[in-house]
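This report covers helix packing, nonpolar cores and salt bridges. Please keep the model in view while reading.

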Amino acid sequence: MNEAKWSALTAALEDKERIVIWGFGREGRSTFRLLRRLFPERTLWVADDNVIDLSGFENTEFIHLASQDPHFDSFDLIMKSPGIAVFRDDVPMDKLCSQTELFLMLLRKQVIGVTGTKGKSTTSSLLYHIISGVHDNTIFCGNIGIPCLDMLDKIDDETVIVFEMSCHQLEFAHYSPSTAVLLNLHEDHLDHYITYEKYIEAKSHILTYQQPEDFAVLNLIDIDTLNAFGGDGQRIYNGREITVDGRSIHCTYGDITVAEDATQLVGPHNLYNISVVYYICRRLFDIGNERFLELLATFSPLPHRLQKVGTFDGVTYYDDSISTICESAVNAIRSLGNVGTVLLGGMDRGIDYTELMDCLFDVHIDNLVLIGEAAPRLNALINERSLQTGIKQNVYMSRDFTDAVHAGMRLTAKGKVCLLSPAAASYDMFKNFEVRGDEFARLVREGL
């Protein structure tokens with residue numbers, strides 16, 4: 001990053017003499033490294049629910065939130081890590097800041113930001129894959145696990161920045177990227193936001209602070225929802241300015257047909273993701289169709305996103321562990337077809353399962369294997385719908401995750417698909433959806 005931007009960052013924080021870092025995970029430690037680099041002699045505070053040994057950190061004081069009053073109002077700036085829900089009454093909201101806020105303050109004109117309830121990882125990864133194929137000076141950061149402030153030394157004035165942005169990263173941002181993508185909005189993270197409206201507001205910050213020279217690609221379905229939020233950038237709607245007709249994509253900057261064998265990405269929802277990437281690549285980089293298709297063909301689906309585990313004894317297994325809402329599970333079921341068994345359930349965050357029930361009673365699936373905290377509620381909803389429709393479902397209530405996978409292997413007929421697409425978070429049984437997906441693949445490969 002050039003000297004002027006480093007000076008601007010220092011100046012923005014110079015008068016914030018008392019800064020506390022709330023949460024000392026990967027991003028919190030990244031924030032600490034940056035602040036210590038800018039202000040080597042200044043005292044910094046770290047606040048966390050867990051006891052953290054900071055004996056090796058000079059000029060650093062620790063606040064144990066489980067046993068101490070943090071006196072948040074005594075600080076000039078609170079650098080909050082994403083994922084921490086602000087349920088405390090003693091937090092001055094006007095003092096909250098984040099890595100995303102600082103990063104966009106400095107570099108928003110170079111950022112292509114991608115968010116959405118589902119599809120943001122695939123879309124942002126594909127966007128980075130294709131842009132970096134024609135522009136070497138491209139970086140990828142954000143929700144993929146690389147804190148954005150750790151990337152500052154790799155950025156110059158010509159760097160293209162693809163930033164996967166979660167709702168937690170956007171929640172307290174007051175800057176928007178010059179190019180924004182908001183793929184879709186569905187109920188999620190209600191354990192953090194309590195209301196769907198608060199969740200939408202956090203997501204909308206990706207476009208709320210755009211300037212007239214900026215633009216955002218949005219889903220036409222969400223047009224009424226997003227009209228309530230500001231932003232002076234041009235709005236491009238997928239479904240109007242960008243359209244998908246079968247396997248053909250049409251937009252202002254070009255038309256392209258993506259044959260089924262031209263990509264490893266499965267399903268109409270991924271064709272929608274591809275259409276967004278195509279629009280941006282044509283508009284900003286004038287990438288031709290031939291080169292676009294060449295790069296698209298070399299892109300592999302991300303782990304745990306409709307990822308094929310393999311075919312064993314005639315049954316094909318797919319890991320869609322990232323599925324934490326109805327929409328993603330429905331997309332997986334409809335995209336694959338021939339699903340004999342689907343594993344559903346996990347942490348119950350109170351989301352509305354109506355859309356999932358509609359799908360399960362529209363598409364014939366031989367077996368429904370239910371897992372985790374959400375299993376009883378899912379079972380009750382299935383029984384209720386069975387009484388309404390007269391359609392009986394073969395439901396298996398598993399004892400634990402291993403039992404669920406073994407049941408799926410045992411029950412699925414040869415020639416059909418056994419799908420893990422839980423439509424629920426993983427935290428009741430696993431650290432994250434990655435661990436859940438890895439365990440599914442391990443159990444399948446080990447066999448009975």
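## Helix packing

W6, L9, T10 and L13 in helix 1 meet L34, L35, R37 and L38 in helix 2. The residues of this contact divide into six nonpolar, one polar and one charged. The model is predicted. In it, the axes of helix 1 (residues 3–14) and helix 2 (residues 26–38) come within 11 Å and cross at roughly 95 degrees. The two helices, helix 1 and helix 2, are therefore roughly perpendicular to each other.

## Nonpolar cores

The largest nonpolar core holds 46 residues. L9, L13, F103, L107, L152 and I161 touch the most other members. Helix 3 (residues 99–107) gives this core its largest share, five residues. Another core lies apart from it, with 35 residues, including V114, I130, V277 and Y278.

Beyond its neighbours within four places in sequence, I161 contacts F103, L107, Q110, V111, I112, I139, C141 and I155.

## Salt bridges

The structure holds 17 salt bridges. In one of them, R108 pairs with E213, with the closest N and O atoms 3.7 Å apart. R108 lies in the loop between helix 3 and strand 6, and E213 in the loop between helix 7 and strand 10, so the pair ties together parts 105 residues apart in sequence. R108 is buried at 9% relative accessibility, whereas E213 is exposed at 55%. A network of salt bridges links R108, E213 and D214.

R385 forms a salt bridge with D358, at 2.9 Å between the closest N and O atoms. R385 sits in helix 13 and D358 in helix 12, so this pair ties together parts 27 residues apart in sequence. R385 is buried at 17%; D358 is partly exposed at 40%.

Note on methods: Residues numbered from 1 in each chain as written. Predicted model: local features only at pLDDT ≥ 70, side-chain atom pairs only at ≥ 80, totals over all residues. Heavy atoms only, no water. Core = buried A, V, L, I, M, F, W, Y, C linked by side-chain atoms within 4.5 Å. Buried < 20%, exposed > 50% of the residue type's maximum accessible area, 1.4 Å probe, protein only. Helix = DSSP H or I, 4+ residues; strand = E, 2+ residues; numbered from the N terminus. Contact = heavy atoms within 4.5 Å. Axes fitted to C-alpha atoms, helices over the stretch in contact; angles between N-to-C directions. Parallel < 35°, antiparallel > 145°, perpendicular 65-115°, else oblique. Nonpolar A, V, L, I, M, F, W, Y, C, P; charged D, E, K, R; others polar. Salt bridge = Lys/Arg side-chain N within 4 Å of Asp/Glu carboxyl O.
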